[in-house]
Amino acid sequence: MSDLNKLGLAEARDALRKGETTSVELTEACLKAIDAADALNAFVHKTPEIAMERAKAADERIKAGGAPSMCGLPVGIKDLFCTKGVPSQAASKILEGFKPEYESTVSQKLADAGSVMLGKLNMDEFAMGSSNETSVYGNAVSPWRRGNDDAQLTPGGSSGGSASAVAADLCLAATGTDTGGSIRQPAAFTGTVGIKPTYGRCSRWGIVAFASSLDQAGPMTKSVRDAAIMLEAMCGHDPKDSTSAELAVPDFEAMLTGDIRGKKIGIPKEYRMDGMPGEIGKLWADGAEMLKAAGAEIVDISLPHTKYALPAYYVIAPAEASSNLARYDGVRYGRRATLEAGDGITEMYEKTRAEGFGHEVQRRVMVGTYVLSAGFYDAYYNRARRVRTLIKKDFEDAFAAGVDAILTPATPSAAFGLGEMTEADPVQMYLNDVFTVTVNLAGLPGVAVPAGLDSQGLPLGLQLIGKPWEEGDLLNTAYALENAAGFVAKPQQWW
């Protein structure tokens, strides 16, 4: 078989079981593709020795019979996941040289299932960003281009390296994390599939924390079937994470029938934003028609507190970040600034953080510290928490009224050029999360599915939002949408 790195998880798994290829051959094909794609800056810590060792072990396991679905499949791991003995920097200078002595639960589950780790993937620093431009490793670059334009485009953020690597066939799939859209927005920008599961479905243990009540890990893959296969391997109760749900993990792949007859799909009127590009509006309407043609009933719904979601998110997330990032002080691990004679512990903290944190992280930590301060706690943080409760109730009311899933755009535009959104106006960048943050605030599962191309030939995605813990049902609706949309476009290789 040629072009093994271009296979999806399901195709590669089936080929391995039939003896048409081996994990070693799959892994070698991916490693070769990674080495030829440095221009994308997707892989930032390559681990070929670990990959080959795991591939050989996987081949033995497959030969013995009864190996799990993920066995032998090469994947990339976002740099936010701690991986034993491998640099795990969260794309930050402050964690320079940090090699954990332990493995995150999610990456351990994937390893236990026999998957092959190819290396660590680029991301926005501490997962704070929507364009992968805040990384200490430099920008991750999308494999997509606008028409005949050579301008480099963002793969989205914060899981930009994961999205770029999957879209460019450097790996068969990758892990991502999603705090306000960091799996779904990059997936939509790169023509890939990304699912953020229900909060508590995947363990957060060993994943560098950004905002603990919002963060959730999930897979980024080439198809909905692949997302179902990988998600099952990543999920499960973990006693090391107090927010991890003690629920059985269903066979998500077995639930992909494509039959959505009688399902009610809600279209929220509040997501029709002023200034939304016509192409996004048309894609959304087309998506609703596709689901209707597949037998679903399309109903208009209201999620009245949507307009408060973005401001509430940008109070809650920085507040939690301010608490979580206080542990980076130059004392126990990571970078420590060079001190001058007479400097005390306060100067060490200040200099280490000034050197170690990038501008966006500093901005969010300052915002978070401000909203948590004595005079402003009630005015900002507590008010944002109350708004969050109202947003959650909006969704609960919609589901209680019989809606099975909600269809929305995934992003307000196609991918933009690197450097096009300047640091001078961070709010413009924050508006990228307008369709995705509500899902994190309510703790719901959401999936981005590629559904078309814009006039410049760039991918556009639609988002489906599901009921808590019903990822299987949500993935089945996404599967029906994927089949109807028939998205097969791939970026032309320029790198």
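## Reading packing and charge pairs in a predicted model

The structure, which is a predicted model, holds 29 salt bridges.

Student: Which residues are linked in a network of salt bridges?

Tutor: The network joins Arg-13, Asp-14, Arg-225 and Glu-253. One of its pairs is formed by the side chains of Glu-253 and Arg-225, with a distance of 3.0 Å from N to O. This pair links distant parts of the chain, since Glu-253 lies in the loop between H7 and strand E7 (264-268) while Arg-225 belongs to helix H7, 28 residues apart.

Student: Are Glu-253 and Arg-225 buried or partly exposed?

Tutor: The cut-off for buried is under 20% relative accessible area. Glu-253 has 15% and is therefore buried, whereas Arg-225, at 25% relative accessibility, counts as partly exposed.

Student: How should I read the way helix H1 and helix H7 cross?

Tutor: Two packed helices are described by the angle between their axes and by the distance between those axes. Here the axes of helix H1 (residues 9-17) and helix H7 (residues 224-234) come within 8 Å and cross at roughly 70 degrees, so H1 and H7 are roughly perpendicular to each other. On the H1 side the contact is made by Leu-9, Ala-10 and Arg-13, and on the H7 side by Arg-225, Asp-226, Ile-229 and Met-230.

Student: Which other salt bridge links distant parts of the chain?

Tutor: Consider the side chains of Glu-96 and Arg-335, which meet in a salt bridge at 2.6 Å, N to O. Glu-96 counts as partly exposed at 41% relative accessibility, and Arg-335 counts as partly exposed at 21%. Another example is Lys-46, which forms a salt bridge with Asp-38, the closest N and O atoms being 3.0 Å apart; Lys-46, at 36% relative accessibility, is partly exposed.

Student: What is the nearest side chain of opposite charge to Lys-78, and how far away is it?

Tutor: A salt bridge requires the nitrogen and the carboxyl oxygen to be within 4 Å. For Lys-78 the nearest side chain of opposite charge is Asp-124, 7.6 Å away, and Lys-78 is buried yet has no salt bridge. Lys-78 is placed in strand E2 (residues 74-78), and beyond its sequence neighbours up to four places away it touches a set of residues including Lys-120, Leu-121, Met-123, Ser-158, Thr-175 and Thr-177.

Student: Which residues of helix H4 are buried, and what covers them?

Tutor: In helix H4 (residues 105-112) the buried residues are Thr-105, Val-106, Ser-107 and Leu-110. Their cover includes E2, strand E4 (173-178), strand E6 (216-221) and H7. After H4 comes Gly-114, whose phi is positive, near 90 degrees.

Student: Where does Ala-140 lie, and which residues is Ala-140 in contact with?

Tutor: A residue in a loop can be read by its accessibility and its contacts. Ala-140 is in the loop between strand E3 (116-121) and helix H5 (160-167), and at 0% relative accessibility Ala-140 counts as buried. Apart from neighbours within four places in sequence, its contacts are Leu-40, Asn-41, Asn-122, Asn-132, Pro-155, Gly-160, Gly-161 and Leu-418. Ala-140 and Leu-153, 13 residues apart in sequence, lie 9.0 Å apart from C-alpha to C-alpha.

Notes: Residues are numbered from 1 along each chain as its sequence is written. This is a predicted model: local features need pLDDT of at least 70, side-chain atom pairs count only at pLDDT 80 or more; totals for chains, interfaces and linings use all residues. Side-chain values use heavy atoms; hydrogens and water are left out. Helices (H or I, at least four residues) and strands (E, at least two) are DSSP runs, numbered from the N terminus. Buried means under 20% relative accessible area, exposed over 50%, partly exposed in between (1.4 Å probe, protein chains only). Lys and Arg count as positive and Asp and Glu as negative; His and the chain ends are not counted. Contact means heavy atoms within 4.5 Å. Axes are lines fitted to C-alpha atoms, for helices over the stretch in contact, and angles run from 0 to 180 degrees between N-to-C directions. Angles under 35 degrees count as roughly parallel, over 145 as roughly antiparallel, 65 to 115 as roughly perpendicular and the rest as oblique.
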